[in-house]
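Welcome, and please open your viewer. We will go from stop to stop, selecting a few residues each time and looking at what is there.

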Amino acid sequence: MHQYLDLCRRIVEKGEWIANERTGKRCLTVINADLEYAVGANEFPIITTRKSYWKAAIAELLGYLRGYDNAADFRALGTKSWDANANDNPAWLANPVRKGADDMGRVYGVQGRAWARPSGEPLDQLRRIVDDLSRGIDDRGEILTFYNPGEFELGCLRPCMHTHTFSLMAGKLYLTSYQRSCDVPLGLNFNQIQVFALLALMAQITGHEAGTAYHKIVNAHIYEDQLELMRDVQLKREPYPAPTLHINPEIKSLEDIETWVTMDDFSVEGYQHHDPIAYPFSV
């Protein structure tokens, strides 16, 4: 929680204005931010200075792990986070490869579960990593990446959180996640929750103790129409103590995640928070 607020203050106090061509808005921006989450100690990094919709964040993560490419599938899991990018992005709506309403194209989980080899055959990156880690193998290349420059035009959005590297050391599983761009008021806590939950889930299904998750952000920004709410409302609130995340211990394999896991298998205990803040969203 304090890492989040410290980054917000850093952007407000030291950020520089950069024009964003995609949205037509300016962003107050800093370069390079490093955050850490003690997943093994279950220090759930959810913000308390406004209400955080943690269920939607984990639902989106489940959709990625399943390789979904349609906003309707994400809605069925419990999140509308892809509705706007799939259906309201003018560039994507005009793209001839778009298959129709709710189609997202080859983004995020599609790349993670069905990366296209030169032969056209799909490569399941996540399956290989789970198999390796389950056997105690870490070849220093247990990397899940959604960033495929050769297929950017085949999806509605380039991935922001683009690469996850898993590391085994002394019986513990660690995660380093890389993010090229971060809308801090709206997106960052979504991303924090997903990094935390990804390590917790991967440790659970591969039979390892969870260590620390390291979250590296290149471009962290606050849009100009979000600044007043961040500076004059959220940063003036006092945070509450961190809650804990509970994951159903019966989730024991990637197949479980692919088939029967729902948001009923996750709960947060002791979450106190301030009122929601309606930050504008930029498509």
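How many nonpolar, polar and charged residues does the lining of the largest cavity have, by class? The lining has nine nonpolar, three polar and no charged residues. Here Ala, Val, Leu, Ile, Met, Phe, Trp, Tyr, Cys and Pro count as nonpolar, Asp, Glu, Lys and Arg as charged, and the others, Gly among them, as polar.

Before selecting anything, note that this is a predicted model, in which local features need pLDDT of at least 70 and side-chain atom pairs count only at pLDDT 80 or more, while totals for chains, interfaces and linings use all residues. Residues are numbered from 1 along each chain as its sequence is written, and side-chain values use heavy atoms, with hydrogens and water left out.

**Stop 1: the largest cavity**

Select Leu61, Tyr64, Leu65, Tyr108, Leu144, Phe146, Met161, His164, Asn191, Gln194, Val195 and Leu198 to show the lining of the largest cavity. About 90 Å³ of space lies inside this cavity. A cavity is a set of points, on a 1 Å grid over the protein atoms alone, where a 1.4 Å probe fits but cannot get out; lining residues have an atom within 4 Å of a point. Grid points are joined across faces, edges and corners, and the volume is the space filled by probe spheres set on the points.

Now colour helix 2, strand 6 (161-169) and helix 8 (188-206), each of which supplies at least two residues of this lining. Helix 8 gives the largest share, four residues. Helices (H or I, at least four residues) and strands (E, at least two) are DSSP runs, numbered from the N terminus.

**Stop 2: rings around Tyr64**

Rings of Phe, Tyr and Trp (its six-membered ring) pair if their centres lie within 6.5 Å; planes under 30 degrees apart count as stacked, over 60 as edge-to-face and the rest as tilted. Tyr64 belongs to helix 2 (residues 54-66), and Trp82 to the loop between helix 3 (71-77) and helix 4 (83-87), 18 residues apart.

The rings of Tyr64 and Tyr108 have centres 4.6 Å apart and planes at 10 degrees, so they are stacked. Tyr108 is in the loop between helix 5 (90-93) and helix 6 (109-114), 44 residues from Tyr64.

Are these residues buried or exposed? Tyr64 is buried at 9% relative accessible area, Trp82 is buried at 2%, and Tyr108 is buried at 6%. Buried means under 20% relative accessible area, exposed over 50%, and partly exposed in between (1.4 Å probe, protein chains only).

To see the aromatic cluster, select Tyr64, Tyr68, Phe74, Trp82, Tyr108 and Phe146.

**Stop 3: the second largest cavity**

Select Arg106, Val107, Gln111, Phe146, Asn148, Glu151, Phe152, Gly155, Leu157, Arg158 and Pro159, which line the second largest cavity. It holds about 70 Å³ of space, and its lining has five nonpolar, three polar and three charged residues.

Zoom in on Arg158, which lies over the face of Phe152 at 5.9 Å from the ring centre. A charge sits over a ring if NZ of Lys or CZ of Arg is within 6 Å of the ring centre and within 35 degrees of the ring normal.

Notes:
On a 1 Å grid over the protein atoms alone, a cavity is a set of points where a 1.4 Å probe fits but cannot get out, and a pocket is an open set with protein on both sides within 12 Å along at least five of seven lines; lining residues have an atom within 4 Å of a point.
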